[in-house]
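Biologist: I am new to this structure. Could we go through the sheet and then the ligand?

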Amino acid sequence: MKQLIDKLHKTRELEPAEFKELIENRCSELSEYLFAKARAVQIENYGNNVYIRGLIEFTNYCKNDCYYCGIRKSNSTAERYRLTKEQILQCCDTGYELGFRTFVLQGGEDGYYTDEKMVDIIQSIKNNHPDCALTLSMGEKSFETYQAFFEAGADRYLLRHETANEEHYSRLHPHNLLLKNRKQCLSDLKKIGFQVGCGFMVGSPFQNTDCLVEDLLFIKEFNPHMVGIGPFIPHHETPFAKEKAGELELVLYLLGIVRLMLPEVLLPATTALGTIHPQGRELGILSGANVVMPNLSPTDVRGKYLLYDNKICTGDEAAECRNCLQGRIEKIGYKIAVTRGDHKSKL
Ligand code: 5AD
Ligand code: FES
């Protein structure tokens, strides 16, 4: 198995059967071997820097009904909210003071935010903070809409593919959502010039090793700038309420594999990872991740943007999270970078 890791390290790819073998035969010794290489590759590319992104959860209205997600439209118990442009700009100002140089606007697919409204918000953020990068994460849009967002100044876009297996995709989403459309959006975003992130949940219902192999092959082929990988965590008001959460060990293992496969990728240790284990994010960094995305949303809405149960940091101020993370990151020998933290290919 170590030879497979060596091969992955050297050639940055494996055959499907080899990925499968590597995943199925994982053990703690092998994981340590993988993580040591993943850390070395991360440090070769980005030093001991961890990049921070200020996450602004600007709306929890969503027209979609994904079976795993707590803000799906059928969840009538979710307390819905939208941030105003002024509130969003205020979050950015607070974030800037705290050293954030990337802001991520994330929200459900909410028709209230028309292209016109978004373009205005994007332009205002970039105008107020010209030295910052702006990332959007607001789902599937047309080529023209993505283009308008890019021209307004947005730099990056996160759109997880969720699973690269068609059949699996249809078991996680209602039938109006298709993997084909998701992939089309990802390729549109790249073509327009965004730094693009795809990704998937680990341990989502009906996922098997073959799905994970397909995810890895898709990621290799798509060659994104960012990859979001976190555990699935059930939300009590969804059809998957009774399903079990993804496993920490498997998430870490896949982070390590992705680091070797795409040495320059920006790879977050996600909030969901921090939710399933008290040191989840630190363990993520020690497995090859190099990004953390603390919350900058106003405290009064924090507890409403709940994609899954038991989400961490819903009661903490932005400054508390910033300081907390700095302590955690320094404790494991890394440092927070006060820079945009662009992908190497875009520097
Ligand atoms: N558990 C973990 N991650 C989730 N997401 C949505 N619902 C859940 C859940 N229950 C992830 C999806 C989405 C991202 C914004 O959050 O992968 O793309
Ligand atoms: Fe939010 Fe630690 S990161 S309190």
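Modeller: A definition comes before the sheet: two strands pair if DSSP finds at least two bridges between them. The model discussed here is predicted.

Biologist: Over how many bridges do β1 and β8 pair?
Modeller: Strand β1 covers residues 49-52, and its pairing with β8 is in the parallel sense. Pairing requires at least two bridges. For β1 and β8 the number of bridges is two.

Biologist: Which strands stand at the edges of the sheet?
Modeller: The sheet is open and has three strands, in the order β8-β1-β9. Each edge strand has a single partner, so one of its sides is left without a neighbour in the sheet. The edge strands are β8 (291-292) and β9 (335-337).

Biologist: Which helix packs on the sheet?
Modeller: The helix touches β1, β8 and β9, and its direction makes about 130 degrees with that of β9. It spans residues 318-331 and is α14.

Biologist: Which residue has a polar side-chain atom 2.5 Å from an oxygen atom of ligand 1?
Modeller: Tyr-68 has a polar backbone atom 2.9 Å from a nitrogen atom of the ligand, and Leu-307 has a polar backbone atom 3.3 Å from a nitrogen atom of ligand 1. Those contacts use backbone atoms. The side-chain atom at 2.5 Å from a ligand oxygen belongs to Glu-162.

How values were computed. Residues numbered from 1 in each chain as written. Chains lettered and ligands numbered in written order. Predicted model: local features only at pLDDT ≥ 70, side-chain atom pairs only at ≥ 80, totals over all residues. Heavy atoms only, no water. Polar contact = N/O pair within 3.5 Å; in protein donor to acceptor, adjacent residues only side chain to side chain. Helix = DSSP H or I, 4+ residues; strand = E, 2+ residues; numbered from the N terminus. Contact = heavy atoms within 4.5 Å. Axes fitted to C-alpha atoms, helices over the stretch in contact; angles between N-to-C directions.
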